[in-house]
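Subject: Structure handover

Hello,

Here is the structure for you to look at. Please open it alongside this note.

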Amino acid sequence: QVQLVESGGGLVQAGGSLRLSCAASGRTFSSDAMGWFRQAPGTEREFVAGISRGGDNTYYADFVKGRFTISRDNAKNTVYLQMNILKPEDTAVYYCAASALNPYSGSSVYLSYKYDYWGQGTQVTVSS
């Protein structure tokens with residue numbers, strides 16, 4: 001079992017920044033690839049960013065490229081999502097997720113059902 005706890009969400013003005021954190025416990029953190037997803041009201045959950053076990057490979061949705069950065073610290077069992085130049089359309093509940101997918105590569109990293117464990121989510125609201 002893996003437990004994931006997100007933090008760092010909140011209310012920010014358009015153009016601002018937030019850093020989300022996701023603390024993991026339950027098994028060796030470096031055994032899982034990690035991803036961030038988001039879900040706005042009335043929409044499906046969508047992939048935002050993903051990172052491989054060692055942190056050497058990262059993946060991004062087109063709508064966040066150049067604005068968001070995913071990183072991880074395996075010594076702290078934590079994955080981060082640095083979000084810059086936030087837009088009102090980034091408003092959503094953000095979830096972190098752990099994946100046993102191996103290899104963590106290709107189109108599979110974008111699929112929510114490839115992730116085995118999920119956090120409870122943290123709300124991000126961007127005002128215009």
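Predicted model: local features only at pLDDT ≥ 70, side-chain atom pairs only at ≥ 80, totals over all residues.

Residues are numbered from 1 along each chain as its sequence is written, and side-chain values use heavy atoms, without hydrogens and water.

Start with strand β5, residues 46-51. Strands here are DSSP runs of E, at least two residues long, numbered from the N terminus. Five of the six residues of β5 are buried, so the strand is largely enclosed by the rest of the structure. (Buried means under 20% relative accessible area with a 1.4 Å probe, protein chains only.)

Two strands pair if DSSP finds at least two bridges between them. β5 pairs with β4 (residues 33-39) in the antiparallel sense, over five bridges. It also runs antiparallel to β6 (residues 58-60), joined by three bridges. A49 in β5 is the bridge partner of W36. Y60 in β6 is the bridge partner of A49.

Now the turns. Six residues lie between β4 and β5 in their hairpin, and G42 there has a positive phi of about 80°. The hairpin of β5 and β6 also has six residues between the strands. There, G55 takes a positive phi near 85°.

Last, the cavity. The structure holds one cavity of 30 Å³ or more. The largest cavity has about 30 Å³ of space. (A cavity is a set of points on a 1 Å grid over the protein atoms alone where a 1.4 Å probe fits but cannot get out; lining residues have an atom within 4 Å of a point. Its volume is the space filled by probe spheres set on the points.) Its lining includes V2, L4, F29 and M34.

Best wishes

Methods
Buried < 20%, exposed > 50% of the residue type's maximum accessible area, 1.4 Å probe, protein only. Helix = DSSP H or I, 4+ residues; strand = E, 2+ residues; numbered from the N terminus. 1 Å grid on protein atoms, 1.4 Å probe; cavity = no way out; pocket = protein on both sides within 12 Å on 5 of 7 lines; lining within 4 Å.
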